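Me: I would like to learn how to read a contact between two chains. Please take me through one.

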Amino acid sequence: MNWVAIGSISDIPRRGARCVATPEGKIAVFRTLDDQVYAIDDHCPHRGGPLSQGIVHGAAVTCPLHNWVISLETGKALGADEGAVRTIPVRVEGERLFIALEALASRAA
Amino acid sequence: MSERLVIIGNGMAPGRMLEHLLEQAPGRYTVTIFNAEPRVNYDRIMLSPVLSGEKAYEEIIIHGDGWYIANNITLYKGHKIVAIDRAAKTVTSDHGVTEPYDKLVIATGSVPFIIPVPGHDLPGVLTYRDLDDVQAMMLAAQSRAKAVVIGGGLLGLEAAAGLNAQGMDVTVLHVMPTLMERQLDPAAGYLLQRAVEQRGIKVITKANTQAITGNGKVGQVELADGTIIPATLVVMAVGIRPNSALAKQAGIAVNRGIVVDAGMRSNDPDIYALGECAEVNGQVYGLVAPLYEMARVTASQLAGDAAAAFVHMDTPTKLKVTGIELFSLGDFAEGEDRQEIVLRDAAAGVYKRLVLKDDRIIGTVLYGETADGAWFNDLKKKQTDISEMRDTLIFGQSYQGGAPLDPMAAVAALPDDAEICGCNGVCKGKITGAITAKGLTSLDDVRAHTKASASCGSCTGLVEKLMVLTLGDTYNPAAVQPMCSCTTLGHDEVRRLIKAKSLKTIPAVMQELEWTTSCGCAKCRPALNYYLVCDWPDDYADDYQSRFINERVHANIQKDGTYSVVPRMWGGVTNAAELRAIADVVDKFEIPMVKVTGGQRIDMLGIRKEDLPAVWADLGQAGFVSGHAYAKGLRTVKTCVGSDWCRFGTQDSTGFGVRIEKFMWGSWTPAKVKMAVSGCPRNCAEATCKDVGVICVDSGYEIHFAGAAGLDIKGTEVLGLVRTEDEALEHIVALTQMYREQGRYLERIYKWAKRIGIPEIKRQIMDDGDKRKAYYDRFVFSQKFAQVDPWSERVSGKDKHEFRPMASVGFAQAAE
């Protein structure tokens, strides 16, 4: 597991998201109202909408394109929709945020 | 020829009696009503929600004017009967109308009891009885000054809560040691007092009012112990007494009330009495359920059923103060032959007490959690032996017989004769029977056919559960469609409560209105944010994270995650410098698509999010501001070239369109608002399918609204014709503000107008100059905080985190 520092928790607004650019595409990093941090691919399983641009509520985000609701914990679509997006492990150490990038680490090396 | 029935009084009891009578003996009587109040029959139980601002008068009307016309009933409004001539069989009103009768029904209700202390007749001393009292209190509350409510019973506490909700500093004086002592035991009275005090209402018990003093009007209240409480408003709510003076004067037997037999007949066989003025078997009544029972009996008697008889019943009491759950029934005094079961949960603020005699419930007090009230009432009514379930009885119905039931199963388990609606005495079987037999599908239907939940409304949840049980999934509670799954409240209730309770943040709304989720969802958060922006333009801090992405980054997201940008072109007018600036931006940022929009401006599509601030910076240099093409707000004002160029133009439609747009840009609305101004009836700007449109004519400006040309196609309605451009602007702005204040989030003008009614909108905007001016002023005030160009704000660095990735990782160069 390759833990990569991506910044500080205060870089992300509560009930909001920021993106991390990677060669494989963007990763959306979310911060909930109660300061839980989650990372998932910034790509809705429905039509590829940028999930980082959605409204964050509880531990879920609503895609801005067609209102699919994606669980930040599991990456799975909630409600009647079916589909899932990749989740990326996040570690919070004090203020600092790290994400685990196994596949990317091998490619960069 | 039909017999002549005259009714004195037009409250809820005679109203209900007429409904029964029209059903049982249609056409038998020619009915004439004299109402001392200048209005139709309305739901007095709901006066407290009107006072607190949670409901409007229009919402509590039971019989509108149309009902009297449809049923051929003559209603004299504002006519007080001053004499009954029993020999000639006539009644005479204070306006000199004399009406003969064959049968007379006296329903004069009650009068509030006034404590005869010195100063009780000073201006500023009110009672709490009818709509006039409520309106006087609401007027007095505008001063936000101090009020004293004398009386800590049901009415007094509801009045205090209402005045408190209206912003007054309220003190309740109660002569007994605990509140509502007739309905509550001391423990529940204490909990109630604490809840009332937590709302900021002061409570003084054992308070003996000695005098009300002041200089020509109320200034203070003095108690026997010397305490002096400053107040500009005093509400006396210490009780009522039957209003039987008229009957007494006519020589009809009167004791506390008008004495009637079980058939509601007085000692004059042609004269009946019902409601609060009547005394049956030595008892007078003030709660609605027995009064409605009297109505049923009187109607049957008038229809010829001599056997119909009134039987005494205990009625549960409920307090109609939002957020305080309270239920009381029967007798709960202590006694040697009685046992009690008590449950207290201090953390949850719950107190329940059952009083038993011979293994049967004779009294119930529930505080904080009242869902089992109907079940306890049923056990009491049927005198059920509870010894088998004694240990778990207090936990309610769901704990009986094994595993806890869900609320739906608890309703399903109720017997058919269990009372659901206490106000109207409607049992479960009657409701489910009516749903099946009459094919009822909406709550309003059920209310209309069974009266269940049609009075105080506290059983609405139970009735809806019965509908779900009976209809299954086909039941769609359309009557009040909740905003979203986070709440049971509809948009209108939420908007009303935001105002009534002065809720000024999203967390406050969610807390006070008991949201079921911790931070809402993508449906309710943008709606709440709009309502708060609209209602508190100066106080509310816009919640950025509750806006849809387009309104957060002030551009329109496209299917590939890029954005489109539309600068404002006032009235669709542009020039070479602007077009050149747009061309330069398109080249510089390699914008793949440029398109002219239907709203007469230019759309640049396919812009990467990271480039947005730089694009706006360049556009801003050329004088452009955001076109709000993404906003639930004012979009475009489309114009034709008007009298400046066109040989048919009658007015300067272009100039007026620009003026409207410059006046109204930046305003947030429930849904997008598109406007147009056409210079003549040829209508080249297509104003007659817009949210608001203007057709210029020689004699002035014809204002149109409520058109649609999207999901629905609909021509506009005409609001009216005004002479000058200034007037046209004022009317359009006022109309928009009315829509801003009443519209549900995402509800376009044409849908709002259909819901409110075109005549009502015309009345408020065209006919009522004061209303129009007030709407106009509120819009202008709110614009002070709204007309800020979001693009230049972001060029200056606002929300810059939004437009930059947090980090770049995994790239070869970044890994160094």
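Reply: In this model, 32 residues of chain A and 24 residues of chain B make up the contact; two residues are in contact if their C-beta atoms, placed from the backbone, lie within 7 Å. The model is predicted: local features need pLDDT of at least 70, side-chain atom pairs count only at pLDDT 80 or more, and totals for chains, interfaces and linings use all residues. Residues are numbered from 1 along each chain as its sequence is written, while chains are lettered from A and ligands numbered from 1 in the order in which they are written.

Me: Which element supplies the largest share of the side of chain A that touches chain B?

Reply: Helices (H or I, at least four residues) and strands (E, at least two) are DSSP runs, numbered from the N terminus. The largest share, six residues, comes from E2(A).

Me: In what sense do E2(A) and strand E42 of chain B pair?

Reply: Two strands pair if DSSP finds at least two bridges between them. E2(A) and E42(B), residues 807-808, pair in the parallel sense over two bridges. Val20(A) has Ala807(B) as its bridge partner in E42(B).

Me: Is Met264(B) buried or exposed?

Reply: A residue is buried if 20 or more other C-beta atoms lie within 10 Å of its own, exposed if 12 or fewer, and partly exposed in between, with C-beta atoms placed from the backbone. Met264(B) is buried, because 28 other C-beta atoms lie within 10 Å. Met264(B) is in the loop between strands E20 and E21 of chain B, and its phi is near 70°, a positive value in a residue other than glycine.
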